[in-house]
Amino acid sequence: NGIGLSLEDIKLLEKERRAKEAKFLLQSERLNLGISPLSVLTGSPAATLTSEVFGGEIQVYAKQGPKDNIHLQSTASDISLATLPTSGAAWSLDFLGQLKLDSDINFPLNRFSKAKGTLSLGAENMKLESGTILIKTLPEITFNEVGIDFDLEKGKATVKKGIVASDKLDV
């Protein structure tokens, strides 16, 4: 139990100085932030952030430990790939499915270059519905399995396992 803040229907906009209209970036239906007063009193402040965003949920737990070391755990589940920005100047990809993320990272305060831990990204029911790269139109692809696992050591990520598999593609 602790002290918390709860917000609903949050919209993040970006506006350039001379632009008349603000550009929509992100919307969260709900955001909760909780801080444990006991953790602050014991010298190891801890906080939890939970947010509904992109059709799913993100949870982040952060704790400051001895010698200003930060322990960061995060999960994301059911993030809709259809709601994520997936286009650039010469390409556009329209995905369906749900993104998931799990991470457990430790690092000294202000020294992420010393980070160590794990990070896993994956997708369920992933499908490339349509896409173009330069002038090439991509076919519809249903993926059987998508995932990548990283080990972090001294701020550098090493791929532990990576797979992108479909009936038309296997990497």
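Predicted model: local features only at pLDDT ≥ 70, side-chain atom pairs only at ≥ 80, totals over all residues.
Residues are numbered from 1 along each chain as its sequence is written, and side-chain values use heavy atoms, with hydrogens and water left out. Local features need pLDDT of at least 70 and side-chain atom pairs count only at pLDDT 80 or more, whereas totals for chains, interfaces and linings use all residues.

S39 lies in helix α1 (residues 37-41); helices are DSSP runs of H or I with at least four residues, strands are runs of E with at least two, and both are numbered from the N terminus. The relative accessibility of S39 is 9%, so S39 counts as buried (under 20% relative accessible area, 1.4 Å probe, protein chains only). The side chain of S39 reaches the backbone nitrogen of A46 at 2.9 Å. Beyond its neighbours within four places in sequence, S39 is in contact (heavy atoms within 4.5 Å) with S44, P45 and A46.

Strands β9 (residues 141-153) and β10 (residues 156-166) run antiparallel and are joined by ten bridges; DSSP must find at least two bridges for two strands to pair. D149 has K161 in β10 as its bridge partner. Two residues separate the strands of this hairpin, and K154 in the turn has a positive phi of about 55 degrees.

β9 also provides six residues to the lining of the largest pocket, the largest share. Other elements that give two or more residues to this lining include β6 (91-108) and β7 (116-133).

Conventions:
Buried < 20%, exposed > 50% of the residue type's maximum accessible area, 1.4 Å probe, protein only. Polar contact = N/O pair within 3.5 Å; in protein donor to acceptor, adjacent residues only side chain to side chain.
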